[in-house]
Amino acid sequence: MKLISLDSLEPGKQLGRPIYNEKGTLLLGAGVAVSARYIRRLREMGYTSVYVHEKGYEDIEVTDVISDKTRMEAVSTISETFDSVRGSGPRSEKVALDRSKVSGVADKIVDDLVGSGDQIMDLIDLKSFDNYTFMHSVNVSVLTVLTAVNVGKFTSLELRDIAMAALLLDIGKAHIPIEIVQKKGRLNPDEFARMKKHTAIGYEILLHKSSMKPLIASVALQHHEYYNGSGYPNALAGDKIHAWSRYTALADVYDSLTSDRSYKRRLPPLVGLEYLKLGQGTHFDPTCLDQFVSNIAPYPAASTVLLSTGETAVVVANSTQKTDRPLVRVLTTPEGKEIEKPYEIDLAKEMEITIQSVQV
Ligand SMILES: [Fe+2]
């Protein structure tokens, strides 16, 4: 598999990973050969890159940390949950939130992550403008639970509750006007002020209108608080922000930075991680940040990178030991000529060679 920019996607190429809509329904399966019409549609949807099958890259696997089935079931559950909460209206005393459905899907996320041992996030969760909200909530949950599993001090019940809290962290947006939530472009100050209310609204929905545990509701309230007290809605600082919220804040910001939005292109994982590190101790709890970044491959498999030797290479595999030193396969000479017999370099062993940049 290879990650390529949509600009270089040509008709006839086979997709490496499936494409889903905002309801978690399959639009294009892995292996489907894309037509010019599909490519146009992908561009309209806001994709800027896709995984494709490519000769010479057959053995490069992009493995998600949870199954596609679990991920899409979670997307469809969150999509339905938003629909039913929205349907209840902001003034109703109770909302129709199916708690057992959300907890069922949270269990599956935890089971997938706990069952597969030492894992690193080695793929880019590509999203479109339409499916962003729900896929984002699911990825925040996956990244938060992945971190929590690797931290190792949470019980399975706590992991399930953390997964639920992260899935529901933006549920308050169901009661924010849809034209603000789905605005294609940056929000103006008034719109942003209304958007910020999704924290308190979410807390109210979860705690009082659907009888969720207070800790789960508190993540909806606190996930935009910053470690130095400069966040919202209550300008809480340090340990006053619950640990679950400190972890979800990292996952929330990281996934949003590395996702395509209508007003910005996604950042590669390496740059997203560097951005998080700039906020160490100010926006983010330094310990939580260290724990979070160690779960993410800065150079995910199937990405093309430029080496300090001037050669280009594709990332073959990552390990949890040295996350920034993957196994790479050299494809071109420093002059850009294709190498007839590509060879591999294990950057974890060849310490004098570094990665200069990521190309897609
Ligand atoms: Fe939020």
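Predicted model: local features only at pLDDT ≥ 70, side-chain atom pairs only at ≥ 80, totals over all residues.

Which residue in S4 is the bridge partner of Leu-3? In S4, Leu-3 is bridged to Tyr-51.

Residues are numbered from 1 along each chain as its sequence is written.

Let me stay with that pair of strands. Helices (H or I, at least four residues) and strands (E, at least two) are DSSP runs, numbered from the N terminus. Strand S1 (residues 2–5) is joined to S4 by four bridges, and the two run antiparallel. In a regular strand, side chains alternate between the two faces of the sheet. Strand S4 (residues 49–52) is covered on both faces: Ser-49 and Tyr-51 are buried on one side, and Val-50 and Val-52 on the other.

Let us walk across part of it. Strand S5 (residues 304–307) is joined to S6 by three antiparallel bridges, and Leu-306 stands opposite Thr-312 in S6. Strand S6 (residues 312–317) then pairs with strand S7 (residues 327–332) over five bridges, again in the antiparallel sense. Within this pair, Ala-313 stands opposite Val-330 in S7. Five bridges also join S7 to strand S8 (residues 338–346), which run antiparallel, with Val-328 opposite Ile-345 in S8. S7 and S8 form a hairpin with five residues between them, and Gly-336 in the turn has a positive phi of about 90°.

Next, the nonpolar core, meaning a set of buried Ala, Val, Leu, Ile, Met, Phe, Trp, Tyr and Cys residues joined through C-beta atoms within 7 Å. The largest such core has 92 residues, and those touching the most other members are Ile-109, Val-145, Ala-163, Leu-167, Leu-168 and Leu-250. Helix H4 (residues 132–151) gives the most to this core, with 10 residues. Leaving aside its neighbours within four places in sequence, Ile-109 is in contact with residues including Ile-66, Ala-74, Val-145 and Ala-163. Contact is defined by C-beta atoms, placed from the backbone, that lie within 7 Å.

Is Val-75 buried or exposed? Val-75 counts as buried because 26 C-beta neighbours lie inside 10 Å. Val-75 is found in helix H2 (residues 68–88). Its C-alpha atom is separated by 6.3 Å from that of Val-138, 63 residues apart along the chain.

Now to the helix packing. Helix H8 (residues 198–207) and helix H9 (residues 214–222) have axes that come within 7 Å and cross at roughly 165°. H8 is therefore roughly antiparallel to H9. Axes are lines fitted to C-alpha atoms, for helices over the stretch in contact, and angles run from 0 to 180 degrees between N-to-C directions. Angles under 35 degrees count as roughly parallel, over 145 as roughly antiparallel, 65 to 115 as roughly perpendicular and the rest as oblique. The axes of H9 and helix H10 (residues 243–257) come within 9 Å and cross at roughly 45°, so H9 is oblique to H10.

I close with some backbone geometry. Most residues other than glycine have a negative phi, and most peptide bonds are trans. The bond from Tyr-232 to Pro-233 is cis, with omega near 5°, and Pro-233 is found in the loop between H9 and H10. Ser-211, in the loop between H8 and H9, has a positive phi near 50°. Ser-211 is exposed, with 11 other C-beta atoms within 10 Å. Ala-302 also has a positive phi, near 80°, whereas Ala-302 is buried, with 25 other C-beta atoms within 10 Å.

How values were computed: Buried ≥ 20, exposed ≤ 12 C-beta atoms within 10 Å, placed from the backbone. Contact = placed C-beta atoms within 7 Å. Pairing = 2+ DSSP bridges.
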